[in-house]
Amino acid sequence: MNSKIALICEGSSEQAIMQVLLEHNALKFSKEDLLEDSIIRCRNGRKFAREYLGKTFDFKVNVCRILDSKVENFKIPKEYVSKVNGAPYNFITSPEIEILYILLHGDYQKYTNKYKSQVKPSEFVRQNYNDVSNVKSYNENYNFWDSHFMQLRKVLVQYKSNTKNSGYCIADLLR
């Protein structure tokens with residue numbers, strides 16, 4: 001293999017969802033294609049480079065980030081740039097990954113028309129649904145989406161069609 005993928009998730013919810021997708025072979029790549037065969041949790045390019053790119057290997061790394069911010073800076077230091085294939089690919093989950101629960105319950109229009117400017121998706125989910133007791137918990141998100149896998153695929157595709165996201169989103173990684 002000429003390259004590996006550094007799949008970097010911003011938070012535990014994103015990591016849980018990506019883990020479910022990996023385990024269900026729903027992504028265009030497998031666990032074996034990942035740098036160190038696992039999902040990475042890191043928000044800082046310098047820290048990522050020191051921890052993961054400072055090692056010796058004979059392949060290039062494609063950096064794929066799952067995050068909700070379109071403007072978050074992730075700079076790879078110059079001394080590590082030769083180990084990566086270009087700029088990171090950002091897969092945006094704006095405004096928050098918890099929007100997937102809102103889509104699942106068919107409340108996307110209600111949320112965007114009435115609550116979006118006042119309430120974050122995670123807070124809306126806490127106030128309106130009982131799917132998980134802690135919407136930010138890795139284990140609860142993993143267990144919920146693993147047991148609702150087909151609905152996860154559906155809401156990821158629906159998210160892509162409902163957003164005016166000019167970049168990539170998780171649905172772009174699905175088989």
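What is the mean pLDDT of the protein chain, and what share of its residues reach 70 or more?

1. **Confidence.** This is a predicted model. The mean pLDDT of the protein chain is 94. Of its residues, 99% reach 70 or more. Among the elements of the chain, helix 6 has the highest mean pLDDT, at 98. Helix 4 (residues 108–115) has the lowest, at 92.

2. Start with strand 3, residues 60–67. Is this strand mostly covered or mostly uncovered? Mostly covered: seven of its eight residues are buried. Strand 1 (residues 3–9) runs parallel to strand 3, and seven bridges join the two. Strand 4 (residues 89–92) also pairs with strand 3 in the parallel sense, over four bridges.

3. **Residues to find in the sheet.** Look for C64 in strand 3. L7 stands opposite C64. In strand 4, the bridge partner of C64 is Y89. Then find L67, which stands opposite I92 in strand 4.

4. **Helix 1.** This helix covers residues 12–23, which makes 12 residues. From its first C-alpha to its last it reaches 16 Å. That is close to the 16 Å expected at 1.5 Å a residue. Just after helix 1, N25 takes a positive phi of about 50°.

5. **What covers helix 1.** How many of the 12 residues of helix 1 are buried? The count is 11, and the helix is mostly covered. Among the buried residues are S12, S13, E14, A16 and L22. The cover includes strand 1, strand 2 (40–41) and strand 3. It also includes helix 3 (99–104), helix 6 and helix 7 (149–162).

6. **E98.** Where is E98 found? E98 sits in the loop between strand 4 and helix 3. Its relative accessible area is 2%, so E98 is buried. The E98 side chain makes a polar contact with the side chain of S13, at 3.4 Å. Leaving aside neighbours within four places in sequence, E98 is in contact with S13, P121, S122, V125, V135 and K136.

7. **N141.** This residue lies in helix 6, residues 138–147. Why does N141 count as buried? N141 counts as buried because its relative accessibility is 1%, and the cut-off for buried is under 20%. The side chain of N141 reaches the backbone oxygen of V135 at 2.7 Å. Neighbours within four places in sequence aside, N141 is in contact with S13, A16, Y101, N134, V135 and K136.

8. **Tying the two together.** S13 is itself one of the buried residues of helix 1.

Methods
Residues are numbered from 1 along each chain as its sequence is written. This is a predicted model: local features need pLDDT of at least 70, side-chain atom pairs count only at pLDDT 80 or more; totals for chains, interfaces and linings use all residues. Side-chain values use heavy atoms; hydrogens and water are left out. Buried means under 20% relative accessible area, exposed over 50%, partly exposed in between (1.4 Å probe, protein chains only). A polar contact is a pair of N or O atoms within 3.5 Å; within protein, one must be able to donate a hydrogen and the other to accept it, and residues adjacent in sequence count only if both atoms are side-chain atoms. Contact means heavy atoms within 4.5 Å. pLDDT is the predictor's confidence in each residue, from 0 to 100. Two strands pair if DSSP finds at least two bridges between them. The expected span of a helix is 1.5 Å times one less than its number of residues.
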